[in-house]
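Trainee: Could we go through this structure together? I would like to begin with the place where the chains meet.

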Amino acid sequence: MAIDGDIKKAVHVKPKEEFDFFNDERVRSVFYQILTACVVGFCVWYLISTTAHNLEARGMSSGFGFLTSEAGFDTDFKLVEYVPGVGTYGDIFIIGMLNTLYISALAIIATTILGFIIGVLRLSNNWMISKAALAYVEIIRNTPLLIQVIFWYTGIFSLLPRIKNSLDLSGGSELILLNNRGLYMPWPVPGDLLWLTEATVVIVIIGIVVFKRWAKKKQDDTGQITGTFLPSAAAIILLPGAVYLMSGSPLGWDIPTLQGFNFQGGATVPPAFLALLVALIVYHTAHLAESVRAGILSVNRGQHDAAKALGLRQNRVFSLVVIPQAMPAIVPPMISLWMNVVKNSSLAIAIGYPDLVAVFMQTSLNQAGHAIEIVGMTMGFYMFVSLTISWLLNIYNKRVQLVER
Amino acid sequence: MAIVTISTSNSRPPPINEATLIGWMRMHLFSSPLNSILTILTTYIIYLTVSGVWVWGVVDAIWIADTRRECFDINISGACWAGVSAWMENIFYGRYPREEIWRIDFGLFLLFLWMAPLWMPRVRGKVIIGMTTVFLYPFLAGYLFSGGDKGIFMSVMVSAAIVGIIANTLNATLGVLADRSLSNFVNNKLGFGNAPEEKQQKVFLIFLAVCFVLAYIWQSGWQAEIVSWTKWGGLFLTLVISGIGIASALPGGIILAMGRRSKLPVIRVLSTAFIELFRSVPLITVLFMATTMFPLFMPEGVVLNKLVQVIIAVCLFNACYMAETVRAGLQAIPKGQAEGAHTIGLGYWGTMGLIVMPQALKHMIPNIVGSFMGLLKDTTLVSIIGLFDILGMLRSISRDTPWLGLHKEPLVFGAMLFFIICFAMSKYSRHLEAKLSTGHKV
C-alpha cells in the first residue's frame, strides 16, 4: 500500500517548469503581436493625420455630399435614364457600375461556353485541331490584354465602314447593322399578353426538371434508359411557341432605320463596347481553355479506360465519367477567372467605354475632386463583387467536399 | 438449354500502323468522317489566316517610306512598317537623350554580366551572386540611368556595386578557368593559402573593404549627366518598372504569405486583409489611387514624382499576388516537413528558411514565372495614367504627324515583342522546373 502510494505520488510529481520571461513562446507571441499592432496603428494614424492636415491646408472639402451635386457630362452608353446637367455624380456612379456589370456578365457567359469548347478541342485526337487551339491559346496568353483591347478598338472596330455602307450581319434584311458608330439591332417591345408565354416557359422548365428526375429514378430502379433530350427540346420549343401564337404574337420589334445621318430606334452599342467585349472574351477564353484542359488531364487515365471497357461510347465516357470528376479541378480557377473578367473590364478606360473606372474614377474625380471618397467607393465596389464571387466559390467547394467524403 | 455455337466471328482489322506517315494521318487527321471534315475546315481557316497575315505583313508591306501617305501611295492594303522602324529608337528608349543611350545599353550589359555566372555550373557562391544582383545592382543601374549629384548614400551604394560587379566577374572567370573561388585565389596570392577558413574569410573581407575605398575614391571623381525621369520611356521604362516590381514582389510576397499562415492572430488578420484588399481590385484603380491619393498622404514639402508613385503601386499590387502564389506552395508541402524540422531543433525561421520555403518555392516555379509574366504584361497599364512606356510610345506613333492614324502596325509589333519575351520565359520555366525537380514523380 505504502509503496503503491509512493509510486502514485512519484508519477504525479510535475517537473518544475522554469518560467523564462524572455524566451517563453507565449510572451514572445503577445509581444510580437502588440509590436505589429502598434507599428500598423502608428502608420494608419500618421497617414490619416497628414491627410487631414493636407486637406485643410489646401482648403479641400470632404464627405459624400458631392454625390448629390449635378455632374455636367454625358456618357455615350448607359442602361438607365440620365439627363446631362440634371443627373448627379451618384447617378454617374450607378451608370458606371451597371456598365461594368453588364459587359462583364456578357463576357463571362461567352467565355465560359467558349472556354470549355476550346479546352476540349485542345485535347482532341485530331492533330490539326489541337495544334490550332494550342496556337490560339499561346498567342493570346503571351500578349498583354491592354494591347489586345486597343488593337480590337483602333485596328478593327474603328475602321469599319461608315453608316452609309454599313455591314449587314442579317444577310440582306438590314436588321442587324455594323458600322464605325457601333452595332445596331432590333429590340423587342413586349406586348400586353407576353406574360402568358413567359409563364409557359417557366412551367415547361419545371416540367422538364421533374421529367428528368423521374427518368433518372426509373434508370436507377429498373435499368431502363428513357431518352429525355428530344422530348424536353420539343416541349421547350413547341409549347411556348403555341401559346405565343395563340395569344396573338404579343411581341413587337423596334427596328433601326436610317434617318438623316444616323439610325433611329432599335438598340445600339458603341464600337468601344464591342471591342472591349470581344477582347475580354478572346483573352479569357484562352485562359479558361488551359484550366479546362488541366482539369480534364487531372482525371486518372484509368477512369477513362475503365469507362470504355464497360462499353460506353466516347461522348458518354466524357459526360458521365470524365467531366464530373474534372469539375472540382476546373470550377475554382474558372470562378477566379470570372473575377478577373470583372477586374479586367476596367481596361475600358483605354478606349473610352464608360465603365465605372472611366466615368467615376477618372472623369468625376477630375471634375469634382474628392479623391479619397471616389477611390474608396470604386475599390469598395470591386471588393464587393469579388467577395460575392469568392463566397460562391466557397459554397461550391463545400458541396464538392461533401460529395467526395 | 444453352446453345453454344462454335464458329469464329469475323476478326477485327489490325490497328492502324502509326509508324508510317499515311497511318499517322489516318489516325490523327482522318479517323472518322466528322474528323476529316473538321481537319479540312481547320486547315482552310488556318490557311486563310496565315496567308492573310503573310500578305498583309510581308508581301504587300512597305518597309521604307517617309510618311503614311507614301505607304498608301505604294500599296494601300499592306502593312506600313516604315512607321514602326522610324520610331524604333523611341519604342525601345523613349525620349532618353540620344547621346546618352549608351548608358541604358551599358546598364543592361552589366545586368547580363552580373547574372551570367548564375548559369555557369563551375562558379562558386551563387547565393551571394543572386543576393548582390537584387540588393546592389538596382542602385548602380538607377544611378547610371538617372545621373546627377550622387549624395552620400548613392555614393556608398554605387561604390559597393562597382566592387560587387568586379569581384563577381573575377570570381566567375576564376571559376570557369581554374575551378576556384576569388576568396581562395586572393588568399593564395597574399600568402594565407594554408590559413584556417575563418581567417581566410576575414582576409577576403579586408580585401573587399580596400577595393571599396578605392572604388569610392574613383567614383567621386566623375558624375553622370542628369537625365530627368520624364525622358524615360519605351521598353526601357517598362523593364525598369517591371524589374523593380519583380525584385520586390518575391521578398514581399514571401513575407506576406508567412504572415497569412502565421499562428499569431493579429499578424494573420492584418496580412490577410492587406492581401485581399489589393487582390480584389483592378491594377488600374491602384494606379489611380497612387496618383491621386499618395500626394495627400505625404507630409508637406515632400513630393513624390509620378514614376515613384507608380512603382510603389506596382510593387504593393504584385507582392499581394505573389503572396498567394507562395502560400499555395506552402500549403502543398506536407506538415511532416515542418514537424521534422522542429524535431531536430530548428526554430520558426530555421524551419521556414531552410526546410519549408525552399521546397515551396521550387514547387511553385512555373507559377512564380507566370506571375512575373503577368507583371510584365500588366506594366503596360501605366500608359493609361500618362507614362510613356512601350505601349504609350506605340500609341503616340498614331498621333505623330507623318504617321497620323497608324494604329495596327505598332500594336502588332508590340504584341510580337511581348510574345517573344513571355514565350521564352515560360519555356525557360518549364526547363528550370524539370532541372530542379528532385522529388519522386507520382
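Mentor: Across the interface of chain B and chain A, the rule finds 0 salt bridges. Please keep in mind that this is a predicted model.

Trainee: How many residue pairs are in polar contact between chain B and chain A?

Mentor: There are 10 residue pairs in polar contact between chain B and chain A, with both residues at pLDDT 80 or more.

Trainee: Which helices of chain B supply the side that touches chain A?

Mentor: Helices H1 (21-28), H2 (33-59), H13 (265-279), H14 (283-297), H18 (365-378), H19 (390-397) and H20 (408-436) of chain B each supply at least two residues of that side. The largest share, 10 residues, comes from H14(B).

Trainee: What kinds of residues make up the side of chain B that touches chain A?

Mentor: That side divides into 35 nonpolar, 12 polar and 5 charged residues. The contact takes 52 residues from chain B and 52 residues from chain A.

Trainee: And how much area do chain B and chain A bury between them?

Mentor: About 4700 Å² is buried between chain B and chain A, and 72% of it is on carbon and sulfur atoms. The size of an interface is often given in this way, as the accessible area lost when the parts come together.

Trainee: Let us change topic to the salt bridges. How many are there over all chains?

Mentor: By this rule, the count over all chains comes to 10 salt bridges. One of them joins Arg260(B) and Glu324(B), whose closest N and O atoms are 2.9 Å apart.

Trainee: Where do Arg260(B) and Glu324(B) lie?

Mentor: Arg260(B) lies in helix H12 (residues 234-260) of chain B and Glu324(B) in helix H15 of chain B, so the pair ties together parts that are 64 residues apart in sequence.

Trainee: Is Arg260(B) buried or exposed?

Mentor: Arg260(B) has a relative accessible area of 15%, so it counts as buried, the limit being under 20%. Glu324(B) is likewise buried, at 14%.

Trainee: What about Thr325(B), where does that lie?

Mentor: Thr325(B) lies in helix H15 (residues 306-332) of chain B. Its relative accessible area is 12%, so Thr325(B) is buried. Beyond its neighbours within four places in sequence, Thr325(B) is in contact with Met364(B), Asn367(B), Ile368(B) and Ser371(B).

Trainee: Now to chain A. Which residue forms a salt bridge with Arg293(A)?

Mentor: The partner of Arg293(A) is Glu290(A), with the closest N and O atoms 3.3 Å apart. Both residues lie in helix H8 (residues 271-297) of chain A, 3 residues apart, which is about one turn of the helix.

Trainee: What is found at the start of helix H9 of chain A?

Mentor: There, a side-chain oxygen of Asn300(A) reaches to within 3.1 Å of the backbone nitrogen of Gly302(A). Just after H9(A), Gly311(A) takes a positive phi of about 100°.

Trainee: One more residue, please. Where is Arg68(B), and what does its side chain reach?

Mentor: Arg68(B) is found in helix H3 (residues 68-74) of chain B. The side chain of Arg68(B) reaches the backbone oxygen of Leu404(B) at 3.0 Å. Apart from neighbours within four places in sequence, the residues in contact with Arg68(B) are Pro402(B), Trp403(B), Leu404(B), Gly405(B) and Leu406(B).

Trainee: Last topic: which members of the largest nonpolar core touch the most other members?

Mentor: Of its 172 residues, these are Phe360(A), Tyr96(B), Phe145(B), Trp232(B), Ile241(B) and Leu287(B). Apart from that core lies another, of 12 residues, among them Leu288(A), Ala307(A), Ile330(A) and Leu337(A).

Methods
Residues numbered from 1 in each chain as written. Chains lettered and ligands numbered in written order. Predicted model: local features only at pLDDT ≥ 70, side-chain atom pairs only at ≥ 80, totals over all residues. Heavy atoms only, no water. Core = buried A, V, L, I, M, F, W, Y, C linked by side-chain atoms within 4.5 Å. Buried < 20%, exposed > 50% of the residue type's maximum accessible area, 1.4 Å probe, protein only. Contact = heavy atoms within 4.5 Å. Buried area = accessible area lost by both parts, 1.4 Å probe. Salt bridge = Lys/Arg side-chain N within 4 Å of Asp/Glu carboxyl O. Polar contact = N/O pair within 3.5 Å; in protein donor to acceptor, adjacent residues only side chain to side chain. Helix = DSSP H or I, 4+ residues; strand = E, 2+ residues; numbered from the N terminus. Nonpolar A, V, L, I, M, F, W, Y, C, P; charged D, E, K, R; others polar.
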